Amino acid sequence: DTMRRVVRQSKFRHVFGQAVKNDQCYDDIRVSRVTWDSSFCAVNPRFVAIIVDASGGGAFLVLPLHKTGRIDKSYPTVCGHTGPVLDIDWCPHNDQVIASGSEDCTVMVWQIPENGLTLSLTEPVVVLEGHSKRVGIVAWHPTARNVLLSAGCDNAIIIWNVGTGEALINLDDMHVDMIYNVSWNRNGSLICTASKDKKVRVIDPRKQEIVAEKEKTHEGARPMRAIFLADGNIFTTGFSRMSERQLALWNPKNMEEPIALHEMDTSNGVLLPFYDPDTNIIYLCGKGDSSIRYFEITDESPYVHYLNTFSSKEPQRGMGFMPKRGLDVNKCEIARFFKLHERKCEPIIMTVPRKSDLFQDDLYPDTAGPEAALEAEEWFEGKNADPLLISLKHGYIPGKNRDLKVVKKNILDNKPAGNKKSDLISAPKKAADASNPQNDAKLDEILKELKSIKDTISNQDERISKLEQQMAKIAD
């Protein structure tokens, strides 16, 4: 009865999902067939990125949001990895920077041109090498600029300063088994992980210590997920011993018993949770399911309140989740998903029905904006900061992003004196190499354009002379 009463009063009670019309989908995309439980899709207010099948290596597509319809087979991709790409994540502080983790054991960080790709991108801004097995998880720090976390099948978590290309924290002795997922908390001071040994761990990465852990979070053997909520609690999805899918809510200060535990159904797809800290709604998308279920988290029992289910015919291969600043506030849109089918990507829009055309400030509290609250160095030194919030009252207008610059630390500082001379010769070259790929790409673009203009002119010349000949004949 309490469940019913609480849901009655929720303003999200009538949230409904709607798939967009066919011509607003992204069609003819060969979505990756790698068996890996990541979401295969990442979106921000400018671009949608999708991991695709690529022969001989790993690639993903980056499409400007407005580029809907059929995507040409020859459309350029981001294709610098030598093995399949397993996970991608857009930088929260720069809508043109994306990180990718791959089976080739590397993490790469890419700068996407402002209007999207015109040529395939093979040169990352920086390659981060430190894992000894494939890298299945990449996650940017929520509030500090250029801090990136990666987790690999070597059971290690590495936290990088992307601005210098260095691995500054290596947590390689905390997990004895495969890491299923990693989630930062709201200010990025802690991470929580779900692992194949059925444990959820809360870790302070800078102190390199486990602050809390729970054994057998879910009894079943299939993959779990654990994410931090805005209030510091942890939400998990997993399986019971009888292979039923479960969701649970935990207080990391006391992990003995869950705050709430619900059984859902007996499907075997891993539940990917997507969380909106502004509305406290969690959307669960099962891989291979054809539905999205959503729940509101509150302080009142039963704490996790079922709201509704969006159902469709086709199963989902993966899912992208738009940050709040990419939504249409005039239409009371509170979430937008990008659902991957085998051959297309279909946006699904979640709306709260309201009669008024005015800005609904109860639906849109100030949300995390694109400005970083800290620099990487400050975070590594021990500072914390909450996200810098912006108002969506007049919609969000993407600003200009600064280019990601990687300044490699001088390698000479920690080398023995003997080989300084040769190092001095190679060090400046490295720095020059780092900045070149972008210039090269720009140059190539300009040269291509020049060539096509020249071709057009010579074609027109031929045409004019032919027409002149015809005119002459007619005049004769």
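**Close-up views of the predicted model**

**View 1. Lys216 in a loop between two strands.** At 47% relative accessibility, Lys216 is classed as partly exposed (between the limits of under 20% for buried and over 50% for exposed, with a 1.4 Å probe and protein chains only). Lys216 occupies the loop that links strand S19 (209-214) and strand S20 (225-228); strands are DSSP runs of E with at least two residues, and helices are runs of H or I with at least four, numbered from the N terminus. Although Lys216 is a residue other than glycine, its phi is positive, near 45°. The model is predicted: local features need pLDDT of at least 70 and side-chain atom pairs pLDDT 80 or more, whereas totals for chains, interfaces and linings use all residues. Numbering starts from 1 along each chain as its sequence is written, and side-chain values use heavy atoms, without hydrogens and water.

**View 2. Cys105 and its positive phi.** Cys105, which is not a glycine, has a phi of about 75°. Its loop lies between strand S9 (97-102) and strand S10 (106-111).

**View 3. The cis peptide bond between Ser301 and Pro302.** Omega of this bond is about 0°. Pro302 is placed in the loop between strand S26 (291-297) and strand S27 (304-311).

**View 4. Asp440 and Leu447 in helix H3.** Helix H3 covers residues 420-475 and contains Asp440. Asp440 is partly exposed, its relative accessible area being 42%. Leu447 also belongs to helix H3.

**View 5. The whole protein chain.** The chain holds three helices and 32 strands. Its C-alpha trace spans about 95 × 70 × 40 Å along the principal axes. Of the 476 residues, 51% are buried.
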